[in-house]
Each structure stands twice: as C-alpha cells, then as structure tokens.
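Visitor: Please show me the structure, and then I will ask about a few of its parts.

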Amino acid sequence: MQRTLVQEAPHCIGKTLSVSGWVHARRDHGGLIFVDVRDHSGILQLVINPENTDAFAVAEELRDEFVIKAQGELKERTAELKNEKIPTGEVELYVATLTILNRSQALPIQPFAEAQAGEDLRLKYRYLDLRRPKMQENLKKRARYYKVIRDYMEARDFTEVTTPILANSSPEGARDFLVPSRVHEGKFYALPQAPQQFKQLLMVGGVPRYYQIATCFRDEDPRADRLYGDFYQLDLEMSFVEDGEEVRSTVEPLIKTLVTDFAGLSLKFGDDVPRIPYAEAMETYGSDKPDLRFDMKLVELTDVFVNTEFGVFRSAECVKAICVKNGASLSRSQIDSFTETAKGEGAGGLAYVRFGSDGTAEGAVCRKYGKAITAFSPIVKHMNQDELNAIVEKMDVEDGDAIFFGADKRSVVNTVLGKLRSEFAAHFNLKDPSIVALAWIVDFPFYELDAKTGKMDFGHNPFSMPKGGMDALEHTENKLDIVADQYDMVMNGYEICSGGVRNHNPDVLYKVFGLLDFSPEYVEEKFGAMLNAFKFGAPPHAGCAFGLDRIFMVLIGEDNIREVVAFPKNGSGVDVMMNSPSAVDSVQLKELGL
C-alpha cells in the first residue's frame, strides 16, 4: 500500500491508509495505547486496541523516536476528543498492523523540548537537531528562497554557469584554503574565495549575463553573522556595463522582492533605496554598513570646542557626539558597560552629558529656543555656556536625552561612536525586526593604509576599476584619494553584497598593482589567464555577489547564521559532528609529498 503523508490524512476519512514516521509520543491508557506518529508534514494520532494482539504487542515496545509504519482505517474523532491545536486533530488512525522499521536509543538532545541544549551539543547531533520544527521550516524556506532567486535571474536572461572549485590562490582579502597536488608535488590548488576571475573570463568568452549560487571558501574567523570555511553567494556579472548603477538597478528589485513578498517584511525606504558615499557613511554613521532602521547620527562638534578649556576635547583632532533619546534613564552600571565597549574600540573613556533634572546634583542650565534644559555630568564644569547651548542646538536635545562624545583621531571617533550607536539602539529596542532598511554604499577608497604595517594596500577589491582610470592613477597626488567604482549593499547593519565595475584594461591592472610595488611578473604569475584574455577584446563589465546566508538570516529573523544552514561548523570553526578538521593517515601525507 502506498504511503500517505500525515498532512493528507484529514481528507481520507473512512479509507484504509499506510503512514510512516517517528514516534513523537506514546500514551498507555490501560485499555488502549495512543501513539502520535510524526513525519515531515505533521503529527497523526494512532489508536491501538488490545483486541488486535499483534499490533498491541508491538505498541507496548515503542519508545520516542522509534521509526514505525502503521496501516489501518482513518476515522473522525468524536466532538469532545477533537484537538484543534493540530491540523489532523479531527481524525485518528485505528491501527490494523504496526511495524517497527528501526529502533532508537534515548536521544542525547531533545529536539522538541522547549529548552534546547547548548549549541555545541546540538551541532554534534545536528541530524537530530534538524528534526526540530523550526529547523525543518528553515530548510524548506531556504529552498523556496533559492527558487525565487533563480526564477528572477533566469527571467532577466542570466545564464547559470558553474565555475571550478579547485582553483588558484588569489588575493581576495582573506586566507585561502590550500589543497596540495598529488600529481604535481610541491604545488597547491586553492579553494576559491569567490569565482572572481572565472566570471570575468566568462565575459571575455561572450557570455552576456552570468550567475550562479556559488560555494565560496575563506579561512576567516567565524562570528554570529559569518560562517567559517564555506558559504554561499549569488554571484553575477554583466557584460558591456560601464556604470555600476546599471548593476544596482538590475539586482535591487530582487532584494526588495525577497524582503516584501518572500519574507513579508516592510521596506524602510520603500522603492527609494539610498546611495550613500563611503566617506559620508563613515562620517554620519561611523560604519560602512550602517543600520538605517533608526537615526542617531554622528554630529560634528569639533568647531564648538576649538577654544574649549576642556583639555581632552581641545587636544583631539575630532570631537563628535550622538544623542541617545531617553538616554538619561541609563544607570551608572549601564553607562560603565557602554564605556567598556568604547574602550574596546580604541577610546580612552566615554564622556557624556545627561539632560533633565535627576534630583541628585545641581546642573548647568542650557537654552534651546528660549527653553531651559538642565545638563548633568562630571564634565559640565569644564564647558562654558556657549558650548552647552551649541550642543543642545546641534544635537536637538530634549529633556531625558543623553549625549555621548568621542574625542580622538577622526577614524577612532567614527569607529567608537559607530559601535556605540549600534549598542544603544539594541539596548533601547530600536532595531525593529519587521523592518528592513536597505542602502547602497558607493565610492569606496581604492587604497587604504594597513593598520598594522602602515603601508598602502587595496581598500576593497583589486579587480575593480578606479574612477578616472589610468588618469586617476597617474595624476592623483595622494593615492589614498583614488576612488574605486565599487559598491556594497547593506541590510539592517549587515553587508550583504559587494560589487564593482571591473578593470578590463591590462595596462590599468598592471598600474594598480604597481603602485603597491608589485612587479609585472607577479601580476602575470597570479592573474596570467585573465591578463592574457583581456588582450583579445574584453568588453567592459561589472557585477556583484550577495551573501545568501546572511540575507536569509535577516529575512527569517535569526541572530545566529549557523541556524540557517544544515551542517555548519561551530564558533571555533570545528565540525563537532564529523570531527573535522582531523589528522590524516601518514600514507596520505606521503602521497602528497608532505
């Protein structure tokens, strides 16, 4: 008899059915045994009568998570026994035959318990953790998510092309995973950090629009929003494109559709996704991936304190502040906690001013539109009346607000206040999970100074075209002022996409590496295939790549990215289920010349 899914049972009253699944629960009521059987579609109650001696004997053996098959007649429950909490609660299966397909030991984790085990234990027994309804739903949602993406791309004439997994090492900004070659001893493949070179070669090969859901590999430290080792991205490229806006306008509707139609969330800016230059994002939000669901902008106050008597502010290159609405309600211990956050980002401390009477001390009276506001803080005594009034006016301060300052090098101030901005928003529940704020960050610096070495390095992607091309490279006096035609999309404080107009000119490519003292020979060794291809009529092209795991995490309201993939590694980069990484046999190493 063909198996019937549990969810189909309510439509089969009076019919003889065969159902299979796991024992979800067993109840012995003396005369009758009731068993809840669970498959991927739902739960159905089985009734085993003691008069059916064979089935009853089997039912007495059952324990949770045994795998069983039951055949019998589906009947409607009496009115007083119907269970409205489950879709199959109006019916039950009166069992004629019952078979144990497989037995189960007591589970080391309880997937259906309200309180779940710790993450490492759940990952060790991930195959059991996947039985959780939430995980089952996440896997199904992810499949639908991929279908929406593929349908969208194919409707716009993108061709799906898979690219090699065994590739060459390439400077993409992270460490490579290397694979030793047995055939070519002493040489190594690298797992691709991204299909960057291959997709550009496809453009040279005449493919007008390429995409793939690509597996990428980077040896980066894991965190809550970044998987360790392998991750998935929507990788795409378009030929005969000279302006990044063409790419942005092509893919932006896909992300909007995923937000509204797939996830059922609201867009903060509707159809008007802002384009924010990198420099403006850093100065206004202290981050190149700002969360725009809330305001709390960084306000420049350097000019206010140019002649101040407060030495900390007077000696600083930059003074900025953020206004935290209702921030005066923060306790001393809470402010101490935020101070530690600031110190962790490089600040020496955290200066602040509360506004509104707190009943504990005499404060300084400020003026805003003729209205008196009282300021309380240990640093108020170092400020004159004009400085206090300017703060209140520039920061749009109201009673109950608090102002938190950053005073240091400009880069440090931006970083510190950018981090605090996010932390304060989390504390005051300003990050509404039902809203998605999208933005494009554009005009990234082509080069930047390495914080450790002080030497100039690529700021983003070495394959992007500098705005102004060769002329900008040759005639811009300060090379740190060169802007790349690159763009990121951000979603609720996460970078979800990175892209750019590609450098398809060999001479310009030699030059961008040459400014970092890389020789032409080095460039040819690392990127020979691409350089050679560009000599044979490479069209201008541009593209981007979306981090699919991170987007999905935001869309379904997860805080931990490991919850959105089937078999992730833990926070230390270890697969505790498969015991990976692990030592390998010495014979294998010998074969590889290691």
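Visitor: At which residues does UniProt place the feature "binding site"?
Guide: This is a predicted model, in which local features need pLDDT of at least 70 and side-chain atom pairs count only at pLDDT 80 or more, while totals for chains, interfaces and linings use all residues. Residues are numbered from 1 along each chain as its sequence is written, and side-chain values use heavy atoms, with hydrogens and water left out. UniProt positions follow the numbering used here, with shortened feature names, and annotations may be inferred rather than shown by experiment. The unreviewed entry places "binding site" at Arg 218, Asp 219, Glu 220, Glu 495, Gly 547, Leu 548, Asp 549 and Arg 550.

Visitor: Is Gly 547 buried, partly exposed or exposed?
Guide: Gly 547 is found in strand S25 (residues 541-547); helices (H or I, at least four residues) and strands (E, at least two) are DSSP runs, numbered from the N terminus. Buried means under 20% relative accessible area, exposed over 50%, and partly exposed in between, with a 1.4 Å probe and protein chains only. Because its relative accessible area is 22%, Gly 547 is partly exposed.

Visitor: Which residues does Gly 547 touch, not counting residues up to four places away in sequence?
Guide: Contact means heavy atoms within 4.5 Å. With residues up to four places away in sequence not counted, Gly 547 touches Tyr 232, Gln 233 and Ile 496.

Visitor: Where does Arg 218 lie, and with which residues is it in contact?
Guide: Arg 218 lies in strand S9 (residues 209-218). Leaving aside neighbours within four places in sequence, Arg 218 is in contact with Ala 174, Arg 175, Phe 177, Gln 193, Ala 194, Gly 229 and Phe 231.

Visitor: How far apart in space are Phe 444 and Asp 488?
Guide: Phe 444 is found in the loop between strand S20 (438-442) and strand S21 (447-449), and counts as buried because its relative accessibility is 3%. Residues that Phe 444 touches, beyond four places in sequence, include His 460, Ile 482 and Asp 488. Phe 444 and Asp 488 are 44 residues apart in sequence, and their C-alpha to C-alpha distance is 9.0 Å.

Visitor: Which residues of helix H7 are buried?
Guide: Helix H7 spans residues 278-285, and just after H7, Gly 286 takes a positive phi of about 70 degrees. The cover over the buried residues of H7 includes strand S12 (275-277), strand S14 (318-324), helix H11 (410-427) and S20. Those buried residues are Ala 281, Met 282, Thr 284 and Tyr 285.

Visitor: What is the volume of the second largest cavity?
Guide: On a 1 Å grid over the protein atoms alone, a cavity is a set of points where a 1.4 Å probe fits but cannot get out, and lining residues have an atom within 4 Å of a point. Grid points are joined across faces, edges and corners, and a volume is the space filled by probe spheres set on the points. Leu 123, Arg 126, Phe 567, Pro 568, Asp 575, Val 576 and Met 577 line the second largest cavity. The volume of this cavity is about 40 Å³.

Visitor: How far apart are the C-alpha centres of domain 1 and domain 3?
Guide: Domain bounds come from an automatic or database domain assignment. That assignment gives, among them, domain 1 (6-102) and domain 3 (294-430). The C-alpha centres of domain 1 and domain 3 lie apart by 64 Å.

Conventions:
On a 1 Å grid over the protein atoms alone, a cavity is a set of points where a 1.4 Å probe fits but cannot get out, and a pocket is an open set with protein on both sides within 12 Å along at least five of seven lines; lining residues have an atom within 4 Å of a point.
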